[in-house]
Amino acid sequence: MDLKLQHYIEKQLTIKLNTNLTFKWESISGGSINLTYKISANNHNYFVKINDKSVFKNGFKEEVLGLKFLKLNEAITPKIILEGSFNSKIYLVLSWIDKEFQNNNFWKNFAHQLANLHQHKSDKFGLEYSNYMGQLIQKNSFFNKFDNFFIENRLKPQVKIAFDKKLLTKGDLRKFEYLYQQLPTIFPKEKPSAVHGDLWSGNYISTANNKAVFIDPAVYYGHREIDLAMSLLFGGFSLNFYNAYQEIYPLEKGFNTRKDLYNLYPLLIHLNLFGNPYLQSIKTIITKF
């Protein structure tokens, strides 16, 4: 940990909270992209993430906007304490959320919370600004139809990166082009929903009151099935969660087939960030359709 950066953040926290504090820093696990810490200060705890300016050119501003987007659409998020930069580093300080055991009541509540988020609608798919999925830029240009949005803003940019990195072949590109032609008949027709955008098990926290706190968003107005599909990509949530969501806000038939299409996007992201281990899953999906 850079001691100058540490002292700078402590000074900013002291000014922000208008009180003298004694700080204790603890390095914690918090993802593959950022350095993360827990700060203890006079019976209050804070979560801090740190990275280089070269990774996120606007610092953590897009994440702050994403948390505000979620809160505006009635989702529970950590409180934003500080966001800024110092020398070559960027930082974000959030309120600390203690994790609790995930029981059946939690999963039912989580399903209600997600369904409530999805019931906040827009007229177009997209968002006023671009943001990030992992450390790759996520375009959010507006489209009237979800298939156009998904092709132009999600698949094509990542396919280009993968091809340029020689991770995909010309034969793979032809399969993607054929897939693009099929998508207008596959996705259900629904109004755009507010979505978390990167909803896997690492991006929520279960709390003592059996509610979910949403973190690390990649928000926009998209198809709500995106969040359900992403939640299944790396092991899935409790079956109680999916059963409760289906009771509250039922999905159209065929979701178990469509989920693989939605998950092409995060799989391409992982391919471009981490390489070949994700390639076979992508090839299987584009061959199937």
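Predicted model: local features only at pLDDT ≥ 70, side-chain atom pairs only at ≥ 80, totals over all residues.
Visitor: Why is the pair of Phe-106 and Trp-107 called edge-to-face?

Guide: A pair of rings is described by the distance of the centres and the angle of the planes. For Phe-106 and Trp-107 the centres are 5.0 Å apart and the planes stand at 70°. Phe-106 is buried, as is Trp-107.

Visitor: How many aromatic pairs does that rule give?

Guide: The count comes to 34 aromatic pairs. Another of them joins Phe-241 and Tyr-242, with 5.0 Å from centre to centre and 85° between the planes, again edge-to-face.

Visitor: How do you know whether Phe-241 and Tyr-242 are buried or exposed?

Guide: The cut-off for buried is under 20% relative accessible area. Phe-241 has 0%, so Phe-241 is buried. Tyr-242 has 15%, so Tyr-242 is buried too.

Visitor: What makes a cluster out of such rings?

Guide: Ring pairs do the linking. They bring together Phe-106, Trp-107, Phe-110, Tyr-204, Phe-214, Phe-237, Phe-241 and Tyr-242.

Visitor: How do you know that Arg-224 lies over the face of Tyr-249?

Guide: The distance from the ring centre is 3.5 Å, and the rule asks for CZ of Arg within 6 Å and within 35 degrees of the ring normal. Arg-154 lies over the face of Tyr-220 as well, at 4.3 Å from the ring centre.

Visitor: Why is strand β5 called largely enclosed?

Guide: Strand β5 covers residues 89–95, and six of its seven residues are buried, so the rest of the structure largely encloses it.

Visitor: What makes β3 and β4 partners of β5?

Guide: Pairing needs at least two bridges. Seven bridges join β3 (residues 44–52) to β5, and six join β4 (residues 80–86) to β5. Both pairings run antiparallel. In β5, Ser-95 stands opposite Tyr-46, while Ile-90 stands opposite Ser-85. Two residues separate β4 and β5 in a hairpin, and Asn-87 in the turn has a positive phi of about 55°.

Note on methods. Residues numbered from 1 in each chain as written. Heavy atoms only, no water. Phe/Tyr/Trp six-rings, centres within 6.5 Å; stacked < 30°, edge-to-face > 60°. Buried < 20%, exposed > 50% of the residue type's maximum accessible area, 1.4 Å probe, protein only. Helix = DSSP H or I, 4+ residues; strand = E, 2+ residues; numbered from the N terminus.
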